[in-house]
Every structure is written in C-alpha cells, then in structure tokens.
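Here is a short briefing on helix packing and nonpolar cores. Please keep the structure in view while reading.

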Amino acid sequence: MKRNRTRSTWQALSHRRAVKSVERLGLGGPVARWRRLRERLHRDVRKNGYDAERNTFVRAYGQEPLDASLLLLPQLGFLPPMDRRIRGTVAAIECDLVRRGFVLRYDTREADDGLPQGEGAFLPCSFWLADAYAMCGRRRDAKRLFGRLLKLRNDVGLLSEEYDVERKRVVGNFPQAFPPIALINTAPNLRRVAPPAERRADRSAGEVDTGESRRRATGLRVR
C-alpha cells in the first residue's frame, strides 16, 4: 500500500540509513538530494497518511483502517513520542485493534489479505504497543502489557507467533522468531534511563524534526 511504501522509503533515507552511510561511513551518495526527498516524503505522509478527524495516522492513503505497524513511528523518529498525532495514533489503535489486552496487526474483516478472518493476535504488535506506552510516558501500562505477554511463554521461555484471545491459547508457528526478538527489544525500553527505542528515535529524527521537537523527544524519560 502506498502509505506503507512511502513510510518505508522515508526510513531508508533517514539519518540511520542512506544519509548515515554517507556521512558516517565515508560512502558515496547524493546526500543533498536524499535529504530533500526524505523531507518531501515526510511532509507527504504527514499530509496524506493522517486522518485529522480521528487524530491518527492510517494504514494507507485515503483509507480509515489502521495497522499496528503505525506504533513504530516514534521509534523510527518520524515524530516525537509526545506529539499529539503519535498519542492519537496509539489511542486509535487501542480502540480499533486491541482485543482482550492483545493487539491485532490489522482488522482482518477490513483487509483483503487472502487469509481467513479471525486469526489470532500477532504477538510482536503487543510488544510494539508496550514500546509506544513507554516512550509516551505510560510506564505502568507498558509494564502491565509486558507482564501479560511474558505469561504466554512456555516452560522454556518460548513464544508462539499468535495468541487466540477467544480460546485463550497460543496459535500459529511455534517457536517463532519475531515474538522473542520483540521481547528482547522491549525489555530494555522499560528501564528508567535512556531506553534504546528513545535513543534510536532521536538519532533517526535528527534532520527532519525541528530543534524543539528533538528536545521534546530526548527530554522524555520513563519514570
């Protein structure tokens, strides 16, 4: 979808991708042109990928449905975590995609993905919500959700791909790499000092956000 492709292109051109490769690693590349393109994409997503009435970013341009990957926007440094559009997106996902405490990747009733409706909650998405909570200062909510996810591990600490919230059982591929990776990424973000997600967001935002936005992003500390 155009929304996801545009965001991915912006990420590729962000401070931690193409521009960083040139400026920090001594590689060749048209940095000035990449910066202009990156900033144009940033403006385009803010304008066309955002639903002002609901105060949330959306899954695709011109559409209302959401995708849990939108929770990654503050980690990518697209906008500071305390930006009202980020907080609005988190609230909208809580409303539309959370089922009994777990996050769906998207509403299968609205997505033509070729799969049967009603699949389980893809567990990495719930870790992404915990990350977003932590970055937005909602430490208690982040820890509560993280604890709920830890309880889904088996006796040797492995996680399945999904969780069926109706039958209350793990489903999908097992074991599966994505949930443990998400767990490993989220755990340090619940610390009190300089969570990794916050540091990544600050580095990614470097040349896109204003100085005030960067100060707001780096000034946030989960308490």
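H2 passes H3 in a left-handed crossing. The model is predicted.

**H2 and H3**
- Helix H2 spans residues 18-25 and helix H3 residues 31-48; their axes come within 9 Å and cross at roughly 150°.
- An angle over 145 degrees counts as roughly antiparallel, so H2 is roughly antiparallel to H3.
- H2 contributes Ala 18, Val 19, Val 22 and Glu 23, which meet Val 31, Trp 34, Arg 35 and Arg 38 of H3.
- Five residues of this contact are nonpolar, three are charged and none is polar.

**H5 and H7**
- Helix H5 (residues 123-135) packs against helix H7 (residues 178-186) at about 10°, with the axes 8 Å apart.
- H5 is therefore roughly parallel to H7.
- From H5, the contact uses Leu 123, Pro 124, Phe 127, Ala 130 and Asp 131.
- H7 answers with Phe 178, Pro 179, Ala 182, Leu 183, Asn 185 and Thr 186.
- Eight of the contact residues are nonpolar, two polar and one charged.

**Nonpolar cores**
- The largest nonpolar core holds 43 residues, and Phe 57, Leu 71 and Phe 102 have the most contacts inside it.
- Elements giving this core two or more residues include helix H4 (84-97), strand E4 (102-103), strand E5 (121-122) and helix H6 (139-150).
- H5 gives the most, with nine residues.
- Leu 71 touches Val 90, Ile 93, Cys 125, Trp 128, Leu 129 and Ala 132, leaving aside residues up to four places away in sequence.
- Another core, of five residues, lies apart from the largest one; among its members are Ala 18, Val 22, Val 31 and Trp 34.

How values were computed. Residues numbered from 1 in each chain as written. Predicted model: local features only at pLDDT ≥ 70, side-chain atom pairs only at ≥ 80, totals over all residues. Heavy atoms only, no water. Axes fitted to C-alpha atoms, helices over the stretch in contact; angles between N-to-C directions. Helix = DSSP H or I, 4+ residues; strand = E, 2+ residues; numbered from the N terminus. Parallel < 35°, antiparallel > 145°, perpendicular 65-115°, else oblique. Contact = heavy atoms within 4.5 Å. Nonpolar A, V, L, I, M, F, W, Y, C, P; charged D, E, K, R; others polar. Left-handed = near helix turned anticlockwise from the far one by under 90°. Core = buried A, V, L, I, M, F, W, Y, C linked by side-chain atoms within 4.5 Å. Buried < 20%, exposed > 50% of the residue type's maximum accessible area, 1.4 Å probe, protein only.
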